[in-house]
Amino acid sequence: MPNAYHEIAFTSAVKALQEDAGSRDIYAKYEASPMQMKTEFSESEMSYLAERDSFYISTVSETGWPYMQHRGGPAGFVNVLNEKEFGWAEYFGNRQYITTGNLCGDDRVSLFFIDYATKTRLKIFGHARVVDADNPLMTKLTEGSVGITVERGMVIKVASYEWNCPKYITERYTKVEVQQALAQMGARIAELEAQLAQNG
């Protein structure tokens, strides 16, 4: 059973470079072994996406140039619809509409999700469609986006995905994560001080 992600990513030119670098045999053996197609999410991928507060999406323009944009929001603004589809609400921004415009000519997208705290990253190939603001699906896509001005929605149909290794990911933490850690530390310090006062 072929890995759909490698079928998309490993072009002839890529395989030639792997051959030159000495890594082609490793990937060829991996591709020849029984494996998941990776065209449908498991609970692991669905949970991971539902917890993210940002990601990067790249599209292809009419001139053939790739274009990447950041998308962010409250944790939970990415909504998994089923094993093959997920989406989010598109917030009101600078009104350049480059990503949305690119999708008029080519619906292929590549998405990059990363969690710096756990050093995990998920890469996704997919096909995107724009959802108008009056579409009933927007009720689902706006979950987790309370109080934010929404223009439209975006839904991705998964072509394939791949988890990436944690190598070279620098650990970083959000403000909320740091505040939570400090709150736990503060509570522990208060507990110890109270014990010292009792024994004092």
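Me: Which residue forms a salt bridge with R52?
Reply: Happy to start there: this is a predicted model, in which local features need pLDDT of at least 70, side-chain atom pairs count only at pLDDT 80 or more, and totals for chains, interfaces and linings use all residues. Residues are numbered from 1 along each chain as its sequence is written, and side-chain values use heavy atoms, with hydrogens and water left out. A salt bridge here is a side-chain nitrogen of Lys or Arg within 4 Å of a carboxyl oxygen of Asp or Glu. The closest N and O atoms are 3.2 Å apart, and the partner of R52 is D115.

Me: How many residues apart in sequence are the parts that R52 and D115 tie together?
Reply: Helices (H or I, at least four residues) and strands (E, at least two) are DSSP runs, numbered from the N terminus. R52 belongs to the loop between α4 (43-51) and β1, while D115 sits in strand β5 (residues 108-115), so the separation along the sequence is 63 residues.

Me: Are R52 and D115 buried or exposed?
Reply: Relative accessible area decides this: buried is under 20%, exposed is over 50% and partly exposed is in between, with a 1.4 Å probe and protein chains only. By that rule, R52 and D115 are both buried.

Me: Over the face of which residue does R52 lie?
Reply: A charge counts as over a ring if NZ of Lys or CZ of Arg is within 6 Å of the ring centre and within 35 degrees of the ring normal. R172 meets this over Y116, at 5.2 Å from the ring centre. For R52, the distance from the ring centre is 4.3 Å, and the ring is that of Y48.

Me: How many salt bridges does a search of the whole structure find?
Reply: One of them joins E143 to K140, with 3.3 Å between the closest N and O atoms. Both ends are partly exposed, E143 at 39% and K140 at 31% relative accessible area. The search of the whole structure gives a count of nine.

Me: What separates E191 and R188 in helix α7?
Reply: These two residues form a salt bridge, their closest N and O atoms being 3.1 Å apart. E191 counts as partly exposed at 39%, and so does R188 at 42%. Because they are three residues apart in helix α7, what lies between E191 and R188 is about one helical turn.

Me: Which residues form a nonpolar patch on the surface?
Reply: Patches take residues with over 30% relative accessible area and no salt bridge, joining like charges within 9 Å and nonpolar side chains (Val, Leu, Ile, Met, Phe, Trp, Tyr) within 5 Å. Areas come from the Shrake-Rupley method with a 1.4 Å probe, and for residues only the protein chains shown count as cover. I189, in helix α7 (residues 175-199), is partly exposed at 41%. Together the members have about 480 Å² of accessible area, and they are Y173, V178, L182, M185 and I189.

Me: What angle lies between the planes of F55 and W88?
Reply: Rings of Phe, Tyr and Trp (its six-membered ring) pair if their centres lie within 6.5 Å, and planes under 30 degrees apart are stacked, over 60 edge-to-face and the rest tilted. By this rule there are 11 aromatic pairs. F55 and W88 make an edge-to-face pair, 4.7 Å centre to centre, with a plane angle of 65°.

Me: How many residues apart are F77 and Y91?
Reply: F77 and Y91 form a tilted pair, 6.3 Å centre to centre and 40° between the planes. F77 is in the loop between β2 (66-72) and β3 (79-80) and Y91 in strand β4, a spacing of 14 residues.

Me: What is the phi of Y168 near?
Reply: Most residues other than glycine have a negative phi. The phi of Y168 is near 70°.

Me: What radius of gyration does the protein have?
Reply: The radius is taken over C-alpha atoms, and the globule rule is 2.2 Å times the number of residues to the power 0.38. A compact globule of 200 residues would come near 16 Å, but the protein has 21 Å.
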